[in-house]
Amino acid sequence: MNRQAQAAVLFLLGASLLHAATTDLYLRYVKQGLRPLVLVAGAVLIAAAVATAWYERKRTRTQKRREADQDARHEADQDSGKDAHAHAHADADAHAHREPRVSWLLVLPLFALILVAPPALGSYSATRTGTALQEPLAYPSLPAADPLRLSVVDYAGRAVYDHGRTLHGRSVQLTGFLALDRDGTPYLVRMALNCCAADAQPVKVALTGRIPPVLQPDTWLQITGTYTPRHAKDPVNGGPIPFIEVTEAKPVAEPTDPYDESWNN
């Protein structure tokens, strides 16, 4: 791939990053706090593409001037036969620098990045990965709202490691997607991440009580329920999975940011 093609690919990649960062598409790849870095990366790539294209254009003009000068000298030396040899050598160089057109296929993934938003990690990953629940460093006081809206990660941490002390007698509301274990146990799951989707890991809350009769994996639900001391072990890694006693469940749209970033806050 020649320099002009490289500049075009750099420009498209930078434009793709800017497009992702100026919309919600970047949330499918990295956490919310990395948005400025994605914007900067896109701007740097576009600047590099423009600089490469400018340099290549300048180099081409210089080369054309040199070839024009050589042609003038060749015309003066036509009788000596040097000009035919020089032209043949120039043609050989031109053919040597041609690049295969198939290299332009490299731009296809960039168009895919712009046009197609990849789905967030869901039940398939959650049921094949053990719960990544970590013990919280602290348990901040909770507001007096009813129902109390908590993240899946926050509820699970308080239920397991604080034994539900801050949850007793509270109506709790959680939002996540459904996953079904091999034995049919329903989980409400959020994929928690530290940096990007590549390191996302599930945190699971098992459901009991008034569970919907039809459970479709990857359906997003808003669960209202109460704390229960019941626990289970994750069949994948043996990690703790708390339960919640469901009193109401209703489907909701997938949130703009499908990942849970509680660990970063």
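His163 is placed in the loop that runs between helix H6 (152-161) and strand S2 (171-180). The model is a predicted one.

**Backbone geometry**

The phi angle of His163 is near 55°, a positive value in a residue other than glycine. His163 has a relative accessible area of 47% and is therefore partly exposed, since that class lies between the limits of 20% and 50%. Asp218 likewise has a positive phi, near 75°, and is not a glycine. This aspartate belongs to the loop between strand S4 (201-209) and strand S5 (220-233). With 40% relative accessibility, Asp218 counts as partly exposed. As background, most residues other than glycine have a negative phi, and most peptide bonds are trans.

A cis peptide bond is found between Asp146 and Pro147, where omega is about 5°. Pro147 lies in the loop that links helix H5 (123-127) to strand S1 (148-149).

| Site | Angle | Value |
|---|---|---|
| His163 | phi | near 55° |
| Asp218 | phi | near 75° |
| Asp146 and Pro147 | omega | about 5° |

**Surface charge**

On the surface, a patch of positive charge is formed by Arg57, Arg61, Lys64, Arg65 and Arg66. One of these residues, Lys64, is part of helix H2 (residues 35-76). Lys64 counts as exposed because its relative accessibility is 56%, and the class of exposed residues begins over 50%.

**A buried aspartate**

Asp181 lies in the loop between S2 and strand S3 (186-192). Asp181 is buried and yet has no salt bridge. The nearest side chain of opposite charge is that of Arg182, 5.3 Å away; a salt bridge would need a side-chain nitrogen of Lys or Arg within 4 Å of a carboxyl oxygen. When neighbours within four places in sequence are left aside, Asp181 is in contact with Tyr187 and Pro235.

**Tyr124 and Pro217**

Tyr124 is situated in helix H5. At 58% relative accessibility, this tyrosine counts as exposed. Along the chain, Tyr124 and Pro217 are 93 residues apart, while their C-alpha atoms are separated by 8.6 Å.

Notes: Residues numbered from 1 in each chain as written. Predicted model: local features only at pLDDT ≥ 70, side-chain atom pairs only at ≥ 80, totals over all residues. Heavy atoms only, no water. Patch = residues over 30% accessible without salt bridge, like charges linked within 9 Å, V, L, I, M, F, W, Y side chains within 5 Å. Areas by Shrake-Rupley, 256 points an atom, 1.4 Å probe, with all protein chains shown as cover. Lys, Arg positive; Asp, Glu negative; His and termini not counted. Charge placed at Lys NZ, Arg CZ, Asp CG, Glu CD. Helix = DSSP H or I, 4+ residues; strand = E, 2+ residues; numbered from the N terminus. Buried < 20%, exposed > 50% of the residue type's maximum accessible area, 1.4 Å probe, protein only. Contact = heavy atoms within 4.5 Å.
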